[in-house]
Amino acid sequence: MPVYDDSNIFAKILRGEIPNTTVYEDDQVLAFEDVAPQAPVHVMVIPKGKYASMSEFIENASDAEVLALNRAILKVVDAKGLRDSGYRTLVNNGDHGGQEVPHLHIHVCGGKPLGPLLVK
Ligand code: AMP
């Protein structure tokens with residue numbers, strides 16, 4: 001599993017060192033447009049806390065952080081008008097999950113039928 005590294009790209013976004021297009025923000029969470037969208041809507045939802053993976057977040061985050069991250073997903077869904085049409089949330093974890101950035105991020109995708117979960 002990835003180890004937290006302060007030089008990861010999402011840590012830089014949180015520190016304001018790299019720009020982002022913010023979709024939603026509160027004191028615990030930032031949600032922003034994916035720079036290389038894989039669907040008409042593709043938003044990253046990240047906790048502001050330093051959690052490298054979902055496993056680390058589930059194990060160590062406070063109840064308030066867990067609630068805030070989940071509520072933020074629905075804020076994004078509604079900001080993007082996806083609630084009725086449907087959407088997909090996805091978290092890649094570690095090597096086999098295909099995780100590239102070692103700061104927990106939830107992909108929120110939608111805007112068209114997304115097809116099967118995994119490429120066959
Ligand atoms: P993952 O493969 O699950 O780690 O996903 C990493 C995601 O981060 C990919 O969808 C990238 O397009 C996205 N990404 C990388 N750099 C940036 C950035 N500077 N701003 C927004 N999204 C980014």
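An oxygen atom of the ligand sits 2.8 Å from an N or O atom in the side chain of His-105. That is a polar contact, meaning a pair of N or O atoms within 3.5 Å; within protein, one must be able to donate a hydrogen and the other to accept it, and residues adjacent in sequence count only if both atoms are side-chain atoms. Please keep in mind that this is a predicted model, in which local features need pLDDT of at least 70, side-chain atom pairs count only at pLDDT 80 or more, and totals for chains, interfaces and linings use all residues. Residues are numbered from 1 along each chain as its sequence is written, and side-chain values use heavy atoms, with hydrogens and water left out.

The side chain of Asn-92 also has an N or O atom 2.8 Å from a ligand oxygen, while at Gly-98 a polar backbone atom lies 3.2 Å from an oxygen atom of the ligand. The protein covers 85% of the 510 Å² of accessible area that the ligand has on its own; such areas come from the Shrake-Rupley method with a 1.4 Å probe, and for residues only the protein chains shown count as cover. In total, 17 residues surround the ligand, and the closest are Asp-34, Asn-92, Glu-100, His-105 and His-107. A residue is counted here if one of its heavy atoms lies within 4 Å of the molecule.

Contact means heavy atoms within 4.5 Å. Gln-99 is found in the loop between H4 and S5; helices (H or I, at least four residues) and strands (E, at least two) are DSSP runs, numbered from the N terminus. Its relative accessibility is 14%, so Gln-99 counts as buried, which means under 20% relative accessible area, with exposed being over 50% and partly exposed in between (1.4 Å probe, protein chains only). The side chain of Gln-99 reaches two backbone atoms, the nitrogen of Gly-94 at 2.9 Å and the oxygen of Val-101 at 2.9 Å.

Asn-93 belongs to the loop between S4 and helix H4 (94–97). Its side chain reaches the backbone nitrogen of Met-54 at 2.9 Å, and its contacts beyond four places in sequence include Met-1, Ser-53 and Gln-99.

Now for the sheet. Five strands form an open sheet in the order S1-S2-S3-S5-S4, with antiparallel pairing; two strands pair if DSSP finds at least two bridges between them. At the edges are strand S1 (22–25) and strand S4 (87–90), each pairing on one side only. A hairpin joins S1 to S2 through three residues, and the two strands share three bridges, with Thr-22 partnered by Phe-32 in S2. Five bridges link S2 (residues 29–33) to S3 (residues 41–47), and Glu-33 stands opposite Val-43 in S3. Helix H3 (residues 63–79) packs on the sheet, touching S1, S2, S3, S4 and strand S5 (106–110), and its direction makes about 160° with that of S3. Axes are lines fitted to C-alpha atoms, for helices over the stretch in contact, and angles run from 0 to 180 degrees between N-to-C directions.

Finally, what is the relative accessible area of Ala-31? Ala-31, in strand S2, is buried at 0%, and its contacts beyond four places in sequence include Val-23, Val-45 and Val-76.
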